[in-house]
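Please have a look at the structure first.

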Amino acid sequence: MTEARTIFIVMRKDLQKVLNWPLGSIVAQGCHATTAVIWKHRDDERVKTYTADLESMHKVTLETKNEASLLKMADNLKEKNIPYHLWIEQPENIPTCLATVPCGIPCPINMRSGKAAGRPDLLLTRKTNGATRNLLEQFSDSLQKANILRGKKGTSGASNFSRIAKDFFALENNDEALGDLSKVEIASLINGGLGGMSGGDLPPPSSPKNTQRYLMYKAIHRRDPEGVWNGFEGILKNKEWRKVTEYDITRVMQTLNMQYAFERKPEILDRLRLVSDVCKSNGLVMSTIWGLNETIRFYIAEGRRAEAYRIKQDIESGAYGPDVRLNVHTYAALFSNPSASNLSDLIELTGLFDEMISKGISPNIHIEKGLIKAAQKVGEFRLLDQVLKNTDEKDGLSSTNVNLYARFSASRGQAYLALRSIRPALAELHRLLSMPIPRDKRPIPYALLNNESKVDISIPLKLGQTRDAYFVYLRSLYESIIRITVIRGQIKRARELLDDLRTNCYLPPTQTAYSWFVRYYAKRKHIDKLVEIQHLMLQDGVAISEHIYTKFMTACMFSPKQKLVETLVQDAKKQQSGTVDNSKVADTSVKTHVDAMAIPEDKTTPAKSGLPTIPTSARRTKQIIDRIYFPKQCINFFDDMLIDLGVSAEDIDNAGYKPNVSITNAVMRAYLMLEAPENALREYRRLYIHQLVHYPSNATLDTQRHVRTMGMVFKMALEAAVILEDKLEHQRIQNTMIEYGIQPIS
């Protein structure tokens, strides 16, 4: 069969968003580039093959940000020796689009600089029996069949498992009642009834107490992977391997695979690799479907997909005997870690899903979650929408597996947000809230719950069914919805969601969630709202980082642009007319060095003075400066930060506080407005000492990365020295400016 070929068309996104080109002109650019590349390379064998079947041509349109990114992509194609044509529109003489010669799927290089241009309209296609089929339509049929299969009892093997293992599970807490089960008996039970059930708490064969094997099984029942691994190492150390059965190894691999699914730590794969090597060296070969499924799961996690598929093919061919057959857990293992990075990978997974449905196997929650994750990774949003519509199931929810469905519901909510659909995400949130709260009250370590460097928290496997884990999933979905709501500018709704989160989840919001509100309010100079956020963070025990304190202080002192000034002017006029709450107005007993009443009617504020240009209609508005600068509140934020760090304001040599240029700039300006030049000079000296003494030797100095801001800092330091009549300090500052390559100000 001839390899499928695709022409990749890359279009500039800013043609419509920024330059406001009409849709017809944009479509024409793609037509120009495609026609040109086909004609230009008409003697290429790939072009001849592509044009031989005019009814089955396949094109994929992608987007790139602007002209620079388009040219960069063209350079990458040139480096990879991939023929293409860059279309330059005339008479504007601007590059608008490029098209490649027909390439195999996936493209030889990763051409995606973002998401697909027509995200919901991008169709997956492939050749079947010489004809192009729409994979989306085919996959929709499979999803409908999956819903039908869910309604049939026993399709996935769950009912058979319940029937055979019901009495067996009743013995779970009575090890002596099990008797001596042989390897053959256990294998027969697994093949005949369990069908490779992953995660079942099957009791172990009887073993003398206090042996490593006995302790290992106790750890399995506690869902303690560290105890399981210690038991396995003890078996090797004490040379007890002769007592080990395939069932034992299967339980060890199952526990480690589950631990890796939760925690994603590389050392877990090292342990699985050691288990596999030990089995090979001792001649132990997996022969049951359960053991083979766990082996497949390990290979998928390690990236050895070819070996995993080889095991699946051997099972299908009957190499392991007639009793070992593919089941839903085999496919769940293949979906356990979807490495979908392009359309080809997603096509492979959807083909696997189609094959499973054709065998009459109903997908379980793990398969559906893996498929949602893969579609979201690739950016195939139309397919993602179809999957979400057909996986809205909550059958089997009980008090013992709440967190399994909580994770799935949170994943569905995140996927809906990727589709820009907030209402379905809120529905998933309400579903989470309606689930019974787990009874297991074992706490997740505080260091994991409050790790601000990570957005996603890795929950230890042994704590995966706890109440804390449930609230982690609930909080993650809450905060994702809050983020989208803030981005859309619906700040009132976002605050309501934040209040709901603080009420419904006993875990406090993360620092990241609060930072979204800080950015929104700081940009608009809503200082009273920033104070509220600070108080909420203190109430919830959420650490306030230096980055957030920087936002607090710079919001108080930065010079806004004209549009924001006009908004502040309107607020000031309302204040004068008495329509604004006086308790929220800044203190006016501050000398700002800018007298709004003294600004002449025919002049504007100097463009390079660091202050905004105030509209003529607003120049005589009272209290305008007090609506722009909040020096007292800036100093309050600064004092709070020093208290958090345990540093005295006068101790400028203390390395516990390493000032950044932005904070120093804002604080020095505030001190000068408050007529405290000695304090402004103190902050300059603190920054100077930090830059010379405490700054890492291998890092670029702030003075080299923020030249303009440092120029303002030096200017204010010189002003403070003049006010204090300290000529010696004035000369030192100028010498330092020369040292840093900044032109001294006369």
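A search of the whole structure finds 28 salt bridges, a salt bridge being a side-chain nitrogen of Lys or Arg within 4 Å of a carboxyl oxygen of Asp or Glu. This is a predicted model, in which local features need pLDDT of at least 70 and side-chain atom pairs count only at pLDDT 80 or more, while totals for chains, interfaces and linings use all residues. Residues are numbered from 1 along each chain as its sequence is written, and side-chain values use heavy atoms, with hydrogens and water left out.

**Salt bridges**

Side chains of opposite charge can pair when their charged atoms come close.

| Salt bridge | Closest N to O distance |
|---|---|
| Asp270 and Arg273 | 2.7 Å |
| Arg273 and Glu302 | 2.4 Å |

Asp270 and Arg273 are 3 residues apart in helix α11 (residues 266–281), so about one helical turn separates them. Helices here are DSSP runs of H or I with at least four residues, strands are runs of E with at least two, and both are numbered from the N terminus. Asp270 is partly exposed because its relative accessibility is 43%, and Arg273 is also partly exposed, at 30%. For these labels, buried means under 20% relative accessible area, exposed means over 50%, and partly exposed is in between (1.4 Å probe, protein chains only).

Arg273 also pairs with Glu302. Since Arg273 lies in helix α11 and Glu302 in helix α12 (residues 289–302), this pair ties together parts that are 29 residues apart in sequence.

Lys312 and Glu316 sit 4 residues apart in helix α13 (residues 305–317), about one turn of the helix. Is Lys312 buried or exposed? Lys312 counts as buried, because its relative accessibility is 5%. Elsewhere, salt bridges that share partners join Asp270, Arg273, Glu302, Arg304 and Glu307 into one network.

**A positive patch and a polar contact**

On the surface, Lys13, Lys17, Lys65, Arg420, Arg483, Arg488 and Arg519 gather in a patch of positive charge. Patches are made of residues with over 30% relative accessible area and no salt bridge, and like charges are joined within 9 Å. One of the members, Arg420, has its place in the loop between α18 (402–418) and α19 (422–434), and at 47% relative accessibility Arg420 is partly exposed.

Gln511 belongs to helix α23 (residues 511–523) and counts as buried, at 13% relative accessibility. A polar atom of the Gln511 side chain lies 2.7 Å from the backbone oxygen of Ala543.

**Backbone angles to check**

Most residues other than glycine have a negative phi, and most peptide bonds are trans. Which peptide bond is cis, with omega near 5°? The bond from Gln90 to Pro91 is the one in question, and Pro91 is found in the loop between β3 (84–89) and β4 (94–100).

Arg223 is not a glycine, yet has a positive phi of about 55°. Arg223 lies in the loop between α8 (212–221) and α9 (225–237) and is partly exposed, at 22% relative accessibility. Glu675 likewise has a positive phi, near 55°, and its place is in the loop between α28 (661–673) and α29 (677–694).

Definitions and conventions:
Patches are made of residues with over 30% relative accessible area and no salt bridge: like charges are joined within 9 Å, nonpolar side chains (Val, Leu, Ile, Met, Phe, Trp, Tyr) within 5 Å. Accessible areas come from the Shrake-Rupley method with a 1.4 Å probe; for residues, only the protein chains shown count as cover. Lys and Arg count as positive and Asp and Glu as negative; His and the chain ends are not counted. The place of a charge is taken as NZ of Lys, CZ of Arg, CG of Asp or CD of Glu. A polar contact is a pair of N or O atoms within 3.5 Å; within protein, one must be able to donate a hydrogen and the other to accept it, and residues adjacent in sequence count only if both atoms are side-chain atoms.
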